[in-house]
Amino acid sequence: MPPAPTLLGVSLKMYFGHRQTVDWCRDVARMAAEHPAVGSGAVDLFILPSFPALVPAGQAFAGGPVRLGAQNLHWEDGGPFTGEVSGPQLREAGCSYVEVGHAERRRLFAEDDRIVAAKAAAALRNGLIPVICVGEQQRMPADEAAATCTAQLEAGVRTVTDGQQLQVVVAYEPVWAIGSSEPASVEHIRAVCSRLRTWLAGQDRFPHHRVMYGGSAGPGLLGRLGQEVGGLFLGRFAHDVGALAGIVDEAAERAG
Ligand SMILES: O=C(CO)COP(=O)(O)O
């Protein structure tokens, strides 16, 4: 069996201005169109820009292999929720993915496991692949981190019951490694991702699941991770499209 495609995702968070975001997406679309590994399906690439850029970014990616996603959604599908964006709106805007429960949202916007669970359910209900973020707050041994993250994941999907053919992505992001200079160690990443994969594999609800690593991930990391790590969730170190292209190369090498 050929290895599963490597999943690469980039969240732009709120780093770029609007024009800069759209220009960056056009550059990524061009890079991906020229990169055989993205076109062949050996590498799956998704980009999560800010809400206002979703439509022009979708236009930039139209007809190509790059998938679009959002960084957040509301748990209801419509109604009096000022300032919020719904799953159906994201689908209409062309999104395939949506991020749920990022550490910054948990910390700064008081998103707890109950909200994460409601948002994950909203994503799945609307045909969006949730990228469910989990991660331990402080440095700790890998087995403790794995137990913490598995419990977070279990809580984050507890309301999802009807899982036939549902796809989920889990982004393992140790909070202490986000916005840092270095990612977690390769051994730590492999151990935690492996435990998350084992937990997901034991769930009939999620026949299609992938686990990726994020937190100061950048060039040179992917090649050192085993197949238990399905890909990378990138932040700052993908701002340079050349660096992102290099990571796509590493993913292509992994595919063999
Ligand atoms: O949180 C992250 C991706 O969503 C990781 O961000 P950094 O790679 O910039 O630390």
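Colleague: To begin with the rings, how many aromatic pairs does the count come to by your rule?

Modeller: The model is predicted, so local features need pLDDT of at least 70 and side-chain atom pairs count only at pLDDT 80 or more, whereas totals for chains, interfaces and linings use all residues. Residues are numbered from 1 along each chain as its sequence is written, and side-chain values use heavy atoms, with hydrogens and water left out.

The count comes to 4 aromatic pairs, where rings of Phe, Tyr and Trp (its six-membered ring) pair if their centres lie within 6.5 Å, and planes under 30 degrees apart count as stacked, over 60 as edge-to-face and the rest as tilted. One of these is formed by Phe46 and Tyr97, which are stacked at 4.2 Å centre to centre with 20 degrees between the planes. Because Phe46 lies in strand E2 and Tyr97 in strand E4 (residues 97-100), this pair ties together parts that are 51 residues apart in sequence.

Those strands belong to a closed barrel of 8 strands, which runs E1-E2-E3-E4-E5-E6-E7-E8 with parallel pairing; helices (H or I, at least four residues) and strands (E, at least two) are DSSP runs, numbered from the N terminus, and two strands pair if DSSP finds at least two bridges between them. Neighbouring strands of this sheet are turned by 25 degrees against each other on average, direction ignored. Further along, strand E6 (residues 167-172) runs parallel to strand E7 (residues 208-214) and is joined to E7 by 6 bridges, with Tyr172 standing opposite Tyr213 in E7.

H1 packs on the sheet, where H1 touches strand E1 (6-11) and strand E2 (43-48), and the direction of H1 makes about 175 degrees with that of E2; axes are lines fitted to C-alpha atoms, for helices over the stretch in contact, and angles run from 0 to 180 degrees between N-to-C directions. H3, in turn, lies across E2 and strand E3 (67-70), running at about 165 degrees to E3.

Helix H1 (residues 18-34) and helix H3 (residues 54-61) also pack on each other, at an angle of about 20 degrees and with their axes 8 Å apart. H1 and H3 are therefore roughly parallel to each other, a term for angles under 35 degrees, while those over 145 count as roughly antiparallel, 65 to 115 as roughly perpendicular and the rest as oblique. Their contact (heavy atoms within 4.5 Å) is made by His18, Val22, Cys25, Arg26, Val28 and Ala29 of H1 and by Pro56, Ala57, Ala60 and Phe61 of H3.

Elsewhere, helix H7 (residues 142-156) packs with helix H8 (residues 186-201) at an angle of about 35 degrees, their axes being 9 Å apart. Among the residues that meet are Leu153 in H7 and Trp199 in H8. On H7 there is also a contact with helix H6 (residues 113-125), whose axis comes within 7 Å of that of H7 and crosses at roughly 55 degrees, which makes H6 oblique to H7. Here Asp113, Val116, Ala117 and Ala120 of H6 make the contact with Gln152, Ala155 and Gly156 of H7.
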